[in-house]
Amino acid sequence: MTRMDDAPDLTPSAAEAAPAERRALVDLAAVRSNVAALRARLGRPDGASAALMAVVKAEAYGHGAVPVARAALEAGADRLGVAHVTEALALRAAGVTAPILAWLHTRDTPFRAAVEADVALGVSGMWDLEAVAQAARAAGRRATVHVKADTGLGRNGCLLADLPALAARAAALQDEGVVDVEGLFSHLAVADELDRAAETDAQAVAFGEATVVLDAAGLRPRVRHLANTPAALTRPDLHHDMVRVGLGLYGLSPFPDRAPAEFGLRPAMSLQTTLAAVKAVPAGQGVSYGFRHRTAEPTVLGLVPLGYADGVPRIAEGAPVAVAGRRVPHVGRVAMDQLVVDLGPGAAERVGDPVELFGPASGIPADAWAEAAGTITYELVTRISPRVPRVHVDGAAVGEGAA
Ligand SMILES: *Cc1c(COP(=O)(O)O)cnc(C)c1O
């Protein structure tokens with residue numbers, strides 16, 4: 001069994017894995033298969049293929065950045081993407097040598113360490129360009145830069161109105177040998193809403209304008225990238241030189257009404273534990289804080305030792321849970337450490353029986369929990385807390401403990 005912070009290559013099959021009381025089981029074979037499925041979509045009419053950046057920020061959306069990054073690279077991902085430089089440095093410290101881009105900085109970002117570790121830096125404005133240039137000078141080596149344009153999302157990225165000045169300064173620094181403007185990129189706002197193509201089209205047009213601005217400044221970025229998972233899956237016209245894929249790597253669909261399988265994707269994470277208690281209760285038994293549930297008839301309740309401290313959203317009442325392969329309702333409030341399921345009158349389940357909240361073995365999609373929580377799968381998997389060990393396995397016995 002490997003945990004997020006363990007040595008790299010110990011990735012046994014689930015059958016060999018020592019049991020963890022609770023675990024986010026992550027199947028690296030699914031990650032590799034998802035990379036292959038995504039790459040198969042990246043061919044272009046001219047016969048060339050867009051490159052694939054595996055976005056492994058936020059511990060690979062809760063899946064474990066180092067093992068996921070390795071699996072994605074093995075399967076043919078070309079680069080890695082993270083939000084923070086510190087995330088990139090952690091990958092370098094783990095021995096990951098692939099190209100990495102980090103794009104969200106503060107005045108306290110360790111830019112010099114990034115340059116020294118050969119981490120490419122997104123640059124959204126004059127302050128971060130100057131900070132990167134200063135770091136490159138201090139480090140005595142050229143910094144690799146991807147200029148980030150704001151084509152409409154309104155977060156970081158340089159507005160088109162400000163881009164000529166930024167491009168001119170970047171070109172001057174490039175001429176001095178301080179930076180190499182390798183890339184131009186931007187991020188889409190509504191690509192996951194298929195009925196809002198016009199707004200994505202407008203961002204695509206603005207991205208073209210950003211290219212023209214850089215060109216006028218004498219910059220010819222070799223890697224232009226715009227697409228996230230939804231656009232990688234549905235907008236081949238926006239693939240450009242590279243796509244940046246996060247959610248799809250993990251086998252999740254960004255579209256509420258389209259299952260991952262429609263795109264050849266397999267969910268990589270299963271949230272599992274075992275029943276901690278089973279008890280027959282009479283009708284009228286209150287269940288959990290606030291008595292938001294009372295049993296309507298005599299029944300058997302099962303105690304699942306996962307709660308909001310583990311990242312199960314407190315608001316998600318009523319989502320399905322699989323106990324020994326059988327779907328049963330979750331009843332009452334999610335507490336800090338535990339939640340309760342109604343196993344039904346005469347239920348035969350016992351303490352120690354396998355429980356799965358979501359995952360391929362039970363077939364419960366992470367979406368079911370995301371929906372019950374009024375959120376998206378991005379948040380659901382990312383918020384699984386550090387109290388839940390990530391257990392990485394490689395294929396086959398994903399169902400171990402849950403079937
Ligand atoms: C998180 C992020 C991505 C990945 O988005 P997905 O929808 O998960 O593929 C891509 N680009 C940027 C700039 C991001 O911040």
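Buried, in this talk, means under 20% relative accessible area, with exposed over 50% and partly exposed in between, using a 1.4 Å probe and protein chains only.

This is a predicted model, where local features need pLDDT of at least 70, side-chain atom pairs count only at pLDDT 80 or more, and totals for chains, interfaces and linings use all residues. Residues are numbered from 1 along each chain as its sequence is written, and side-chain values use heavy atoms, leaving out hydrogens and water.

Now the rings. Rings of Phe, Tyr and Trp (its six-membered ring) pair if their centres lie within 6.5 Å; planes under 30 degrees apart count as stacked, over 60 as edge-to-face and the rest as tilted. The structure has five aromatic pairs.

One of them joins W103 and F185, a tilted pair at 6.2 Å centre to centre with 55° between the planes. Its partners come from distant parts of the chain, 82 residues apart: W103 is in the loop between β4 (100-102) and α5 (111-116), and F185 is in strand β8 (residues 179-185). Helices (H or I, at least four residues) and strands (E, at least two) are DSSP runs, numbered from the N terminus. W103 counts as buried at 10% relative accessibility, and F185 is buried at 1%.

Next, F255 and F263 are also tilted, 5.7 Å centre to centre and 40° between the planes. F255 is buried at 1% relative accessible area, and F263 is buried at 5%.

Y61, Y250 and Y378 are linked into a cluster by ring pairs.

Last, a charge. R294 lies over the face of F291, 4.5 Å from the ring centre; the criterion is NZ of Lys or CZ of Arg within 6 Å of the ring centre and within 35 degrees of the ring normal.
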